[in-house]
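Q: I have a structure open and would like to understand how it is put together. Could we go through it step by step?

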Amino acid sequence: MKHSANHSTTQRTRRGQGGPARRIGRSLALVLPVVMVLSGTLAVTRVNWSGNPSDSVLTASDVSAAQQSSHQAAKAPQDVLRDQLLTELQEKDPGVALTHLQAAVNGKPSLAKHCSSIARALGRAAVRVYGASRAQSYSRPVCDTAFASGVLAARG
């Protein structure tokens, strides 16, 4: 009898401590309902409730493909402006490019946050095309002193 009493005490102790299987079970009991609710919610949002095929929902791969094709087809406005100004810098001079940069920023204020990076790129390109001293002579306060910063960065 002593042996069986000791055995049942050992079993209760192990159950009370909660082994790894019990911890995994408790974790699943907490996490599984949340996962099921979220997956059900996502499934409902994917259903085309209107019946109109043009209102279809895009999948993540569709969105990724659309972003890649639109990125290749059309550059961001600041990238287009930078490319145009770099071409203008080579064909004319940095002064003309800086004047057109200022006009573009004045005409489209959303470009203002990109003005410094474009002016720095123009400064670096001016050093490559005209040399450091001549490029510095075109410096003017467009986008603060970003053009001059680009010239200095390309010099060193």
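Q: What pattern does the protein follow along the sequence?
A: Read along the sequence, the pattern is α-α-α-α-α-α-α-α. The protein has eight helices and zero strands. Helices (H or I, at least four residues) and strands (E, at least two) are DSSP runs, numbered from the N terminus.

Q: Before we go on, where do the numbers and values come from?
A: This is a predicted model, in which local features need pLDDT of at least 70 and side-chain atom pairs count only at pLDDT 80 or more, while totals for chains, interfaces and linings use all residues. Residues are numbered from 1 along each chain as its sequence is written, and side-chain values use heavy atoms, with hydrogens and water left out.

Q: What share of the residues counts as buried?
A: Of the 156 residues, 22% count as buried. Buried means under 20% relative accessible area, exposed means over 50%, and partly exposed lies in between (1.4 Å probe, protein chains only).

Q: How are α4 and α5 placed against each other?
A: Helix α4 (residues 77-91) packs against helix α5 (residues 94-107) at an angle of about 155°, and their axes are 8 Å apart. Axes are lines fitted to C-alpha atoms, for helices over the stretch in contact, and angles run from 0 to 180 degrees between N-to-C directions.

Q: What is that arrangement called?
A: The two helices, α4 and α5, are therefore roughly antiparallel to each other. Angles under 35 degrees count as roughly parallel, over 145 as roughly antiparallel, 65 to 115 as roughly perpendicular and the rest as oblique.

Q: Which residues make the contact there?
A: On α4 they are L81, L85, E88 and L89, and on α5 they are P94, V96, A97, H100, L101 and A104. Contact means heavy atoms within 4.5 Å.

Q: How do the residues of that contact of α4 with α5 divide?
A: They divide into eight nonpolar, one polar and one charged. Ala, Val, Leu, Ile, Met, Phe, Trp, Tyr, Cys and Pro count as nonpolar, Asp, Glu, Lys and Arg as charged, and the others, Gly among them, as polar.

Q: Now α4 and α6: at what angle do they cross?
A: The axes of α4 and helix α6 (residues 112-130) cross at roughly 25° and come within 10 Å. That makes α4 roughly parallel to α6.

Q: And which residues are involved in this one?
A: Helix α4 contributes Q78, L81, R82, L85, L86, L89 and Q90, while α6 contributes H114, I118, A121, L122, A125, A126, V129 and Y130. The residues of this contact divide into eleven nonpolar, three polar and one charged.

Q: Q90 is on that list; is it buried or exposed?
A: Q90, which is found in helix α4, is exposed, with a relative accessible area of 54%. Not counting residues up to four places away in sequence, Q90 touches V129 and Y130.

Q: How many aromatic pairs are there?
A: The count comes to one aromatic pair. The rings of Y130 and Y138 have their centres 5.8 Å apart and their planes at 50°, so the pair is tilted. Rings of Phe, Tyr and Trp (its six-membered ring) pair if their centres lie within 6.5 Å; planes under 30 degrees apart count as stacked, over 60 as edge-to-face and the rest as tilted. Both Y130 and Y138 are buried.

Q: How do α6 and α8 pack?
A: Helix α6 and helix α8 (residues 146-155) pack at an angle of about 45°, with their axes 7 Å apart. They are therefore oblique to each other.

Q: Which residues meet in that contact?
A: S116, A119, R120, L122, G123, R124, A126 and V127 in α6 meet A146, F147, S149, G150, V151 and A154 in α8. These residues divide into eight nonpolar, four polar and two charged.

Q: What does R124 contact?
A: Leaving aside neighbours within four places in sequence, R124 is in contact with G150, V151 and A154. The C-alpha atoms of R124 and V151 are separated by 5.2 Å, although these residues are 27 apart along the chain. At 34% relative accessibility, R124 counts as partly exposed.

Q: Last one: where is C143?
A: C143 lies in the loop between α7 (132-137) and α8. C143 is buried, with a relative accessible area of 13%. Not counting residues up to four places away in sequence, C143 touches L101, Q102, C115, S116 and A119.
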